[in-house]
Amino acid sequence: MPEVIFNGSDGRLEGRYVHGEGPTSPLAVILHPHPLHGGTMNNRIVYALFQMYVRRGFSVLRFNFRGVGRSQGQFDHGQGELRDAAAALDWMQLHNPNAAGVWVAGFGFGAWIAMQLLMRRPEVVGFISAGLPANIYDFGFLAPCPSSGLIVHGERDVVTPVESVHKLVNKLSQQRGITIDFDLIENADHSFSQHMDRFVGTCEHYMDRRMNRIPGEALLTAR
């Protein structure tokens, strides 16, 4: 898959990009886990999400946050990384001006950044968050959450206890106009180590429902 280098707000960023099947292919940006704990765009959950969107004809980008791999800059505790994500989306939209909607997905720290990005970009129509660190970061900015999405969590996640994610899901689910799907994968740890097939299957089923591949469900662009 093609390597790309694009400009961020504080230097060049390294990514991998696959162009979609048509001129109006939707976009997906995939965000990796915490840079200071070994997170890169080659994380296996990030890669699995990337490939899932590629199989559905999306234009898809995963990239290294600042200071990771060949991306320039230094870790910025989320503020700079949010600018990186916005720059990635800007780059994709420059090359896909007629895209039919935008999706964001992330794992761990990347899920936190993804949720902030969707608050700032009204063109985002859906999200997938894995290992959402609801006990580590403040998600009060989701007031209200503007898009429907899927939150996937491992039952035996010791990084973020299930209870904190349940609390956030319940809060978001009370908002009108959106639907938050929550899938708790039995016996899975934070990285879904022995349960990747279940994780990918959950995300694929959700995307197929949203893309109306399963009759009677919402369209891709529905919020």
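This report describes selected helices, strands, loops and side-chain contacts of one predicted model.

Residues are numbered from 1 along each chain as its sequence is written, and side-chain values use heavy atoms, with hydrogens and water left out. Because the model is predicted, local features need pLDDT of at least 70 and side-chain atom pairs count only at pLDDT 80 or more, while totals for chains, interfaces and linings use all residues.

Helices (H or I, at least four residues) and strands (E, at least two) are DSSP runs, numbered from the N terminus. The expected span of a helix is 1.5 Å times one less than its number of residues. Helix α2 covers residues 79-95, and its 17 residues should span 24 Å; the end C-alpha atoms are 25 Å apart, which agrees. Helix α5 has 15 residues and reaches 21 Å from its first C-alpha to its last, close to the 21 Å expected.

Burial is given as relative accessible area: buried means under 20%, exposed over 50%, and partly exposed in between (1.4 Å probe, protein chains only). In α2 the buried residues include G80, E81, L82, D84 and A85. A87, A88, L89, W91 and M92 of α2 are buried as well. Contact means heavy atoms within 4.5 Å. The buried residues of α2 pack against the strands β1 (3-8), β2 (11-18), β3 (27-31), β4 (59-63) and β5 (102-107), and against helix α3 (109-120).

Helix α5 (196-210) is mostly covered, with 11 of its 15 residues buried. Among them are M196, F199, V200, C203, Y206 and M207, along with the charged residues E204, D208, R209 and R210. The cover over these buried residues includes α1 (44-55), β5, β6, β7 and β8. After α5 comes N212, whose phi is positive, near 65°.

Two strands pair if DSSP finds at least two bridges between them. β1 and β2 run antiparallel and are joined by six bridges. V4 stands opposite G15 in β2, and a hairpin of two residues connects β1 to β2.

V29 is found in strand β3 and is buried, with a relative accessible area of 1%. Its C-alpha lies 6.9 Å from that of L89, although V29 and L89 are 60 residues apart in sequence. Leaving aside residues up to four places away in sequence, V29 touches L61, F63, A88, L89, M92, W103, V104 and A105.

S59 is found in strand β4 and is buried, at 0% relative accessible area. Its side chain makes a polar contact with the side chain of N96 at 3.2 Å. A polar contact is a pair of N or O atoms within 3.5 Å; within protein, one must be able to donate a hydrogen and the other to accept it, and residues adjacent in sequence count only if both atoms are side-chain atoms. With residues up to four places away in sequence not counted, S59 also touches residues including Y17, V18, H19, G20, P26 and M92.

## Aromatic rings

Rings of Phe, Tyr and Trp (its six-membered ring) pair if their centres lie within 6.5 Å; planes under 30 degrees apart count as stacked, over 60 as edge-to-face and the rest as tilted. The whole structure holds 14 aromatic pairs. One of them is F63 with F65, edge-to-face, at 5.4 Å centre to centre with 85° between the planes. F63 and F65 are both buried. Ring pairs link F6, Y17, F63, F65, F75, W91, F109, W112 and Y137 into a cluster.

A charge sits over a ring if NZ of Lys or CZ of Arg is within 6 Å of the ring centre and within 35 degrees of the ring normal. The charged end of R62 sits over the ring of F50, 4.8 Å from its centre.

## Loops

The loop between β6 (124-130) and β7 (149-154) holds S148. S148 is buried, with a relative accessible area of 6%, and its side chain reaches the backbone nitrogen of T179 at 2.8 Å. P144 lies in the loop between β6 and β7, and a cis peptide bond, with omega of about -5°, joins A143 and P144.

H77 and N187, neither a glycine, have positive phi angles.
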